[in-house]
Amino acid sequence: MTDPTTSGGRPSASPSSSASTRRTFLAGTTAGVVTAGLSVPLVHAAGSSTIKVGLVGCGGRGSGAAVQTLTADSGTRLVAVADAFQDRIDEQLPVIKGSAVGERVDVPKDRQYAGFDAYKHVIDQVDLVLLTTPPHFRPIHLEYAVSKGVHAFVEKPMAVDGPGLRKFLEAVKQSKAKGLSLVNGFCWRYFPPRRELMKRVLEGQIGDVVAIETTYNSQGVWDPRKKREECSSDMEYQMRNWYYYCWLSGDHIVEQAVHGIDTMGWITGDIRPIRCSAVGGRQSRTDAKYGNIWDHFSVVYEYPNNVRGYHHCRHWVHTDVQVADFLLGSKGMADVFKPAITGENKWRYRGQRPDMYQVEHDEMYAAIRAGKPINNGEQAANSTLLALMGRTAAYTGRAVTPDMILNSKEDLSPPKYEFGPLMAPAIPVPGYTKFA
Ligand SMILES: NC(=O)c1ccc[n+]([C@@H]2O[C@H](COP(=O)([O-])OP(=O)(O)OC[C@H]3O[C@@H](n4cnc5c(N)ncnc54)[C@H](O)[C@@H]3O)[C@@H](O)[C@H]2O)c1
């Protein structure tokens, strides 16, 4: 699955460090930037030595990330892979091998692992791991990687519930303490045109930012990949069709539209909003095969100093696709996707548009080689938090604060990670769905 606007391998972004002159509503907050600068030398990765890389989650994004890794640094070697299912490995490994950098793929059968524990076998033998499974597993996999002193590239989003987000944040803390690299897949922060726009806005070129509008209206993603009768168990059925189960994907506002929500995080310096309220539902994609996620959300975030963030997203077939972000200021407006500024300081980006996914990996390895790994886990956690707030506000019909998510006991995990029976989760109904 690839995001419609990012097509699994287009332009991308890392945080810029331009927050010094941000407008009043951001005063006193930290910049929405890569937290680079750890100067702990990494014995197994700095310099020109080989970096052994593992891949956990052999899907579309995983194979893309593997190729970008091998392209980014000629000392990298893909040595082990894991997936819940061997057939996904059989499908994606040849794609990586067949790429222009395929000669550095060295993954014999005995370094291919399938099942729920497969990630451990991979992480145990690598320097850096690419974590590209559905987001439910991200905190579990990152926790293990960090415990083993392994650098990580983590795809967005970072968790699907409050307990998962807490686990992720704890792993970020540990990974910083160990001087590990933790680069996240909020790829637009690595896209040079957008970095240039955000720099200008943070310098004040549209005046004070008073409102942020982000929209991710698409026609949805892949249709369920397997029918129940084609799967050996309920668990296999849900895992194959992971997008449609909130416990696995977080719902589409968390899984996909979080890219737009991340823009809000970036421009506000990754501070936490005061609260949000939301509406949403399941109106077009109603068949049982679509699990328990919804097909539309609309959220209003309240930030300090009366700044408001508006986010809309939907997955409706046969409707207009609109993926667009706008920053409204007291002196003008920024169109984030163009990118361009209208108003007092008119501007339009005319420079290069490199592949942001590649930039992400280029910067990750350059930083590791320099002994100053990038660790931007907190920023990624904050954007995930915003999306979880929006989803929860819509599901429950209640105003939601950051602390409600951060202290939440609502653990969406299944009773056990095993290919056996698993109840189909309920579809949320506002006013009736409870939040713990
Ligand atoms: N940054 C971006 O623009 C972008 C684009 C696409 C996808 N993504 C993210 O990448 C992640 C994967 O998306 P995708 O499109 O590649 O999905 P996918 O379904 O193509 O691949 C996911 C793979 O993970 C495997 N998997 C599931 N559970 C696992 C487990 N416990 N251990 C090992 N493997 C497991 C699945 O079997 C599948 O092969 C998602 O979090 C998604 O949001 C990000």
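This is a predicted model: local features need pLDDT of at least 70, side-chain atom pairs count only at pLDDT 80 or more; totals for chains, interfaces and linings use all residues.

Q: Across which strands does helix α2 lie, and at about what angle does it run to β2?
A: Helix α2 comprises residues 86-97, and β2 comprises residues 76-83. The helix lies across β2 and β3. Relative to β2, helix α2 runs at about 160°.

Q: Which strands stand at the edges of the open sheet?
A: The open sheet has 6 strands with parallel pairing, in the order β3-β2-β1-β4-β5-β6. An edge strand has a single partner, so one side of it is left without a neighbour in the sheet. The strands in this position are β3 (112-114) and β6 (182-184).

Q: What is the average twist from one strand to the next in this sheet?
A: The strands follow the order β3-β2-β1-β4-β5-β6. From one strand to the next, the twist averages 20°.

Q: Which residue in β5 stands opposite L131?
A: Strand β4 (residues 128-131) runs parallel to strand β5 (residues 151-154), and 4 bridges join them. Opposite L131, the residue in β5 is V154.

Q: Are α1 and α2 roughly parallel or roughly antiparallel to each other?
A: Helix α1 (residues 60-72) packs with α2 at an angle of about 25°, and their axes are 9 Å apart. Angles under 35 degrees count as roughly parallel. The two helices, α1 and α2, are therefore roughly parallel.

Q: How many nonpolar, polar and charged residues does the contact of α1 with α2 have?
A: The crossing of these helices is right-handed. Helix α1 contributes G62, S63, A66 and V67, while α2 contributes Q92, V95 and I96. By class, the contact has 4 nonpolar, 3 polar and no charged residues.

How values were computed:
Residues are numbered from 1 along each chain as its sequence is written. Two strands pair if DSSP finds at least two bridges between them. Axes are lines fitted to C-alpha atoms, for helices over the stretch in contact, and angles run from 0 to 180 degrees between N-to-C directions. Two residues are in contact if their C-beta atoms, placed from the backbone, lie within 7 Å. Angles under 35 degrees count as roughly parallel, over 145 as roughly antiparallel, 65 to 115 as roughly perpendicular and the rest as oblique. A crossing is left-handed if the near helix is turned anticlockwise from the far one by less than a right angle, and right-handed if clockwise. Ala, Val, Leu, Ile, Met, Phe, Trp, Tyr, Cys and Pro count as nonpolar, Asp, Glu, Lys and Arg as charged, and the others, Gly among them, as polar.
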